[in-house]
Amino acid sequence: MTVSAFGPGRVNLIGEHTDYNGGLALPFAIAEGVTVTATPLDGTDIVAIAHDAGGEEDRFALAAPPRDGEGWRAFVRGMVAELTTAGHDLRPVRLEIRGTIAQGSGLSSSAALEVALALALLGTDPPAADRPALARLCSRVENDWVGARTGLLDQTASLLGEPGTALRIDFQTMEVTPIALDLQGWQLVTVDSGQSHSLSAADGYNERRAECAEACRVLDIETVSQAGLREAQDLQEPLRRRVLHVLDENARVDATVQALERHEIRDVGRLLDASHASLRDLYDSSTPQVEQTVQRLKDQGAAGARMVGGGFGGHVLALFPPGTPLPDDAHTVEPGPGAHLKD
Ligand code: GLA
């Protein structure tokens, strides 16, 4: 039987570069994402076709996915390998991959692809209780097969998202708490900075991870979020600024939850601005093109605007008050359902 699975991308309202630091984040799944259709095949191979990559094809033995896949192939091969290692009895299939999120957009095309591949290969809608483990499996594919040392933010949002709701994720405990995203007529939009990013070893993302690991080593703690303010202040640069960003960003996540609960949406805008300033000045993850986009959105009436996702390019998230005309290139985003099989 043919099955079609949808994996959504995500917008992270606030809480950036906190996931791999045992901190807090507040993402939600969006309507854009990746659809993978799996059709049973005779034989012993997996065949995959990436329609967004000009119809490129991959073919490999289900029993032995090769390690040397580049780009989108690494996701497919890694997913088949990791699901098999986890004890799933996969069948030969032809996988058709189609997406609506540009790569390098900061809206998590990677997690959307991983999650859609997983559901299509499994051929089922996993129950809620199984989804956290599946998020970890997807993350292993990204870390070990694709070579991006990303955290669990994107996969958790894509698998556990719910309409109307952002997820407060505590990465120390992996506790996930739904928070109603009732914006009282305000609108969240994304705008492309025009600069694509990648989370591979060549970019700043893995360097930031290494700096955070070094800060933990110096302070003899397991995650940056366990650092005390005083000891963080005494660290050498740039470790001092990296740790201060994470501690402040964690506090901003809970401040955002409280502002949402009190329906004080303008405060959410201020928190988005503060998050962006911290990512730029303490985490050094902005670029001139992102700065121009943020400034333009502020000039066009945004109450808050910040880079979203890994930074170093990608999309900017902005919050507009009711009645303010949206910029022509703005795309409204709201929380949609998590990954699911399509009818
Ligand atoms: C990327 C990674 C996530 C997270 C964010 C930054 O989206 O995939 O794991 O680290 O960057 O918050």
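Reply: Tyrosine 205 reaches the ligand with its side chain: an N or O atom there is 2.6 Å from a ligand oxygen. The protein covers 98% of the 310 Å² of accessible area that the ligand has on its own. Keep in mind that this is a predicted model.

Aspartate 19 also uses its side chain, with an N or O atom 2.6 Å from an oxygen atom of the ligand. Glycine 151 uses its backbone instead. One of its backbone N or O atoms lies 2.8 Å from a ligand oxygen. In total, 13 residues surround the ligand. The closest are Glu16, His17, Asp19, Asp154 and Tyr205.

Asp154 leads on to alanine 111. Leaving aside neighbours within four places in sequence, alanine 111 contacts Glu142, Asp154, Gln155 and Ser158. Serine 158 is 47 residues away along the chain, yet the two C-alpha atoms are separated by 7.0 Å. Alanine 111 sits in helix H2, residues 109–122. Is alanine 111 buried or exposed? Its relative accessible area is 1%, and the cut-off for buried is under 20%, so alanine 111 is buried.

H2 in turn packs against helix H1. The buried residues of H1 pack against H2, helix H3 (131–146) and strands S4 (45–50), S5 (56–61) and S6 (93–99). H1 covers residues 72–85, 14 residues in all. Its first and last C-alpha atoms are 20 Å apart, close to the 20 Å expected at 1.5 Å a residue. Of those 14 residues, 11 are buried, so H1 is largely enclosed by the rest of the structure. The buried set includes Trp72, Phe75, Met79 and Leu83, along with Arg77 and Glu82. After H1 comes glycine 87, with a positive phi near 100°.

Strand S6 (93–99) is one of the partners of H1. Now turn to strand S3, residues 27–40, which holds threonine 35. Beyond its neighbours within four places in sequence, threonine 35 contacts Glu96, Ile97 and Arg98, as well as Ser4, Ala5, Phe6 and Lys342. With lysine 342 there is a polar contact, side chain to side chain, at 3.0 Å. Threonine 35 has 17% relative accessibility, under the 20% cut-off, so threonine 35 counts as buried.

Methods
Residues are numbered from 1 along each chain as its sequence is written. This is a predicted model: local features need pLDDT of at least 70, side-chain atom pairs count only at pLDDT 80 or more; totals for chains, interfaces and linings use all residues. Side-chain values use heavy atoms; hydrogens and water are left out. Helices (H or I, at least four residues) and strands (E, at least two) are DSSP runs, numbered from the N terminus. Buried means under 20% relative accessible area, exposed over 50%, partly exposed in between (1.4 Å probe, protein chains only). Contact means heavy atoms within 4.5 Å. The expected span of a helix is 1.5 Å times one less than its number of residues. A polar contact is a pair of N or O atoms within 3.5 Å; within protein, one must be able to donate a hydrogen and the other to accept it, and residues adjacent in sequence count only if both atoms are side-chain atoms. A residue is near a molecule or strand if one of its heavy atoms lies within 4 Å of it. Accessible areas come from the Shrake-Rupley method with a 1.4 Å probe; for residues, only the protein chains shown count as cover.
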